[in-house]
Every structure is written in structure tokens, then in C-alpha cells.
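Reader: I have a model open and want to learn to read it. Where do I start?

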Amino acid sequence: MAELQRRAFIGSFTAAGGPGIVTAAVAPDSGALTVLSSVDGLPDPSYLALSPDGDTLYAVSETPDGAVAAYRVTADKPEAAGPPVRVGGDGPTHLGLYDGHVLTANYGSGSVTAVPVRPDGTLAGAVAVLAHTGSGPHTPRQQGPHAHQVQADPSGRWAVSVDLGTDSVRVCTLTDGTPVLHHESALRPGSGPRHLAFHPDGTFAYVVNELAPTVTVCRWDATEGLLKPLAEAQVLPGAPSGDAYPSGIVVSPDGRFVWTATRGEDVLSTFAVEEGGERLRLVGTVPCGGHWPRALAASEGYLYVANERSGDVTWFAVDPGTGLPSRSGAIELAAASCVVIG
């Protein structure tokens, strides 16, 4: 990406008054965000992902007729790069790039869709869908599959999807552009896995669970494409005072810390990574600076939080010794849902 300043891209729910996709400048000395532009042509662009070269931004449309769209972001205002492509799934909540495709996790229909990406970064229309099967003990949240996240593993060999409805993580590949299941790892029944973040060394993964306020530590074997759950860590120091629904999870670039966000309690939890990645120790929690923190992003010593219901994005300076975040500022942004730093 050829520009003098770093940028953040923020998704939002237009049905709840959000402005669509927002571009903000990131101040190099303070991490502060300054809004540059917004684009509202895509309904409910709740999650975003950047191409490896940083020139193209992909967005899901989290609607019953789910779609994905591509935008050129070489200027301060994103420009649509072709029409949205229907993903053949209901309510896509997340997307990731893998093997020449954009993959979407379709929460409503419990499936993963592969959309081909042309060499110029635009989307082709021939999509392929892998339907998940199964259920869990939590009623009514687990009456069927609910794919919530999909991404490539650090090696780039595998695609990993997290399913809240089936208490499992699926490892897939693509065969002729079609997602194919390689292995399914079962997590604790009723935990409701939502999102997964890999340790930068590629040997561990951490799954934040929405229905039980915990993180599951897993060993990741990139050679065999196998995920093995090892233990769970509580995201709160005691029993929740009310609703507690963990949402986002990120690992620090140096692999020393893991952060999670918990909605309802409206806190950020900091974990120290110990025993080479195999153990998480809760260091402490701090208020998220808003209400209903839906997603997190970490970049160059700062942590960014999209607070959906309070309508703002807050940022925090991270103490390099303890990993604890300290609130530095915020911008107003209605129905904010995710933050991606370019």
C-alpha cells in the first residue's frame, strides 16, 4: 500500500444506523484514529479483511441474502471493485483469504463459502459452499450449526472455521475451488466457540467461547492439519455480574499476550502466554470504554475495540511489560462491528 500514513478500516451495521465502511487515519505517535471517509453502498458490512498487498478490502454483507464485496483502497475513500457476490449462505459474519479465494463463515445457514478472487483482486461469481452439520446442548443457540469465523492458518496450507452451534473447529482445504472437510475438532459441549487466533509461532491456537466465558488453548499441527484442545482459561476473575458473552480475541505480534473482549461485562481481558504457548494466565481486566465490544485489533503497541451498542471505537496503549491496556481515546461510530489496521 503506497501511502504516507497507516489506515484503519471499520465495519458497521447499517441497519442499526452505522455509516457502512469507514476509513480512518492512524496517528503514528499516539495510535489515534481520525475519520477520513465512509462508504454505505453495502448493507451491514460487519466484517472486513485486507488483501496481502493492502490494495483491496473485502467485506461481508451480514444479511439473509449474504454477500461479499471488494473495494479498492489505494485512496482515502474505498471504491467498489465490481458488484457484490452472493455467497449462497445466510448471515455471513466473517471472512478470510485462502488459496486464491475469499472464504465466508455464514452464521445463519451454518456453512462456509469459497468465492474465487481474480488476479486483479476482484471477485468471480462461481461460489462453492460447504454445509456444516451438527448441534449442541445450549438451547436455542445450538439447535444447528452456526459458522462464526473462517481464516487461513499461519502456514497457508489449511482453512480453519469455528462453529458456535456445533462446539467444534473444522479444518478444510479447497479442491477445484470447493471447500472440503479435512478434520473436525470437538470442543467442550455447550462452550459455543466463536473466534480463533493463532500464536505467531504457528504451534498454538486460542479459541474464545461465547456461551461459556472462557478461552480454549489448543495445540496446532500444521503438518497434519490437526487441532487438539488442551485446556480452558476463564476470561473473568470471578463469576459474571450479569450477561457475559466473549466476542473478539487477538494475540500480540510477539506472542507474549492474548486479549479478549466480553460483551455485557464490557471488559477487555489480558492473558500472559506461558509455557511456550501452552498456558494462559489471566493478568487482569479493564473496561472496554464503551458498551458491547464486538471485535478487537492489535497494532504497534495499541489495541482497538469496536463497541457496537455504544457506537464508538476506542483505542488503548498497551503496557509492554504487563500487556494491560490503558484507554487513550475514542471516535464516535454508530453500530461499529470490526476494526482492521492496514
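This is a predicted model: local features need pLDDT of at least 70, side-chain atom pairs count only at pLDDT 80 or more; totals for chains, interfaces and linings use all residues.

Reader: Is Trp292 buried or exposed?

Author: Residues are numbered from 1 along each chain as its sequence is written, and side-chain values use heavy atoms, with hydrogens and water left out. Buried means under 20% relative accessible area, exposed over 50%, and partly exposed in between (1.4 Å probe, protein chains only). Trp292 is buried, at 10% relative accessible area. Its phi is positive, near 70°, though the residue is not glycine.

Reader: What is the relative accessible area of Glu300?

Author: For Glu300 the value is 60%, so this residue is exposed. Glu300 also has a positive phi, near 50°, and is not glycine.

Reader: Which peptide bond is cis?

Author: Look at the bond from Thr139 to Pro140, which is cis with omega near 5°.

Reader: How many residues line the largest pocket?

Author: Start with the term. On a 1 Å grid over the protein atoms alone, a pocket is an open set of points where a 1.4 Å probe fits, with protein on both sides within 12 Å along at least five of seven lines; lining residues have an atom within 4 Å of a point. Here 35 residues line the largest pocket, and those nearest its centre are Tyr47, His94, Gln149, Gln151 and Val250.
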